Amino acid sequence: MAMIKCPKCDKEISDKAVKCVHCGQELIEKTNFFCSECGTEIKGNEDICSKCGCPIDRKKDSEPQKVEVTGVKIGYGIPKKKIIIIGVIIVLLVFGFVAIKNNSDKKKAEELSSQYKSNLSTITFKMLSGAAEAETCGNKIKKVWSNTIWEDDDPETDKYTKTNGIFNDDFNDSLIALFTDSDFKKITDSVEENQDEVNKLMREMKNPPEEWSDAYRDLKDYYDDYLTLTNLCTNPSGSLQTYSTNFNNADTDTLNGYNKVKSYLDY
């Protein structure tokens with residue numbers, strides 16, 4: 001055994017001393033022991049862990065047990081105020097996105113409604129134009145038909161109702177002469193062309209926006225009356241009386257249909 005000086009009070013003490021007998025200075029650093037089973041710190045000279053009962057090997061258990069981290073708790077270490085701010089920002093972003101989407105959907109719906117109204121206007125007046133030509137055509141047919149039957153002289157119809165200055169015995173001969181006339185054929189061709197355009201537009205009017213559903217229903221009725229009128233113009237049939245009655249009714253119904261649909265366009 002040798003004598004050494006205390007590093008604190010500079011007095012001589014044994015080199016085997018645990019602490020200075022003069023000033024109490026710890027001379028040998030305490031080594032902490034930990035249970036290898038549960039990681040509990042071992043105090044004093046315990047040979048058995050007071051928590052789990054595992055035997056203590058002071059050489060083996062001089063370091064605390066390493067515990068593997070298996071998960072991280074979300075938000076751990078983040079100030080509560082910061083979490084609240086982040087939450088508010090997320091909520092604002094969600095509401096902002098929803099507002100933008102709703103505004104976009106509203107704008108799109110308005111554009112579709114405006115386009116449908118424009119298309120409705122186009123087809124409404126397109127049918128009125130075709131009906132006007134059909135009315136001119138039908139009145140000419142009725143006049144030629146009637147003048148042939150009643151043998152009425154008329155500078156406008158004589159070239160159809162007479163052959164070599166004599167009235168035709170069959171009114172069909174007069175109607176054939178009328179339909180083969182180049183000027184009259186221009187009218188019937190125009191009516192048929194109008195029908196083709198209206199049919200194409202009518203297909204585009206299907207599936208209207210909700211606010212135009214009533215207008216579409218009345219448009220279909222208007223369209224049916226229009227077709228009846230224009231078909232009577234291009235394909236006359238029956239007797240003069242039935243033809244005249246059917247034509248006059250179709251003409252009136254078409255006009256009423258136009259006025260009904262046009263009322264939607266005035267708003």
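**Notebook: disulfide, helix packing and selected residues**

**Entry 1. Cysteines**

I counted 1 disulfide in the chain, taking a disulfide to be a pair of cysteine sulfur atoms within 2.5 Å. I note that this is a predicted model, in which local features need pLDDT of at least 70, side-chain atom pairs count only at pLDDT 80 or more, and totals for chains, interfaces and linings use all residues. Residues are numbered from 1 along each chain as its sequence is written, and side-chain values use heavy atoms, with hydrogens and water left out.

Which cysteines does the disulfide join? I found C137 bonded to C233, with an S to S distance of 2.4 Å. The torsion about their S-S bond is about 100 degrees, so I recorded the disulfide as right-handed. C137 lies in helix α1 (residues 80-150) and C233 in helix α5; the two are 96 residues apart, and the pair thus links distant parts of the chain.

**Entry 2. The chain as a whole**

I listed 6 helices and 6 strands in the chain. Read from the N terminus, the order of elements is β-β-β-β-α-α-β-β-α-α-α-α. Of the 267 residues, 28% count as buried. I next considered contacts, meaning heavy atoms within 4.5 Å. Among those between residues at least 6 apart in sequence, 54% join residues at least 24 apart.

Two packed helices are described by the angle between their axes and the distance between the axes. Here the axes are lines fitted to C-alpha atoms, for helices over the stretch in contact, and angles run from 0 to 180 degrees between N-to-C directions.

At what angle do α4 and α5 pack? Helix α4 (residues 182-204) and helix α5 (residues 213-234) pack at about 160 degrees, with their axes 11 Å apart. That angle makes α4 roughly antiparallel to α5; the classes are roughly parallel under 35 degrees, roughly antiparallel over 145, roughly perpendicular from 65 to 115, and oblique for the rest. I noted the crossing of α4 and α5 as left-handed, a term used if the near helix is turned anticlockwise from the far one by less than a right angle, with right-handed used if clockwise.

The residues of α4 in this contact include T188, V191, Q195 and V198, and those of α5 include L219, Y223, Y226 and C233. By class, I recorded 9 nonpolar, 7 polar and 2 charged residues for the contact of α4 with α5. In this scheme Ala, Val, Leu, Ile, Met, Phe, Trp, Tyr, Cys and Pro count as nonpolar, Asp, Glu, Lys and Arg as charged, and the others, Gly among them, as polar.

**Entry 3. Helices α3 and α4**

Helix α3 (residues 171-180) packs with α4 at an angle of about 75 degrees, with axes 5 Å apart. The contact of α3 with α4 has 3 nonpolar, 3 polar and 1 charged residues.

**Entry 4. Single residues**

I found M127 in helix α1, buried at a relative accessible area of 0%. Leaving aside neighbours within four places in sequence, M127 is in contact with V198, L219, Y222, Y223 and Y226. M127 and Q195 are 68 residues apart in sequence and 8.0 Å apart in space, C-alpha to C-alpha.

I also checked two residues other than glycine with positive phi. E151, in the loop between α1 and α2, has phi near 50 degrees and is partly exposed at 48%. N207, in the loop between α4 and α5, has phi near 55 degrees and counts as exposed at 75% relative accessibility.

Key: Helix = DSSP H or I, 4+ residues; strand = E, 2+ residues; numbered from the N terminus. Buried < 20%, exposed > 50% of the residue type's maximum accessible area, 1.4 Å probe, protein only.
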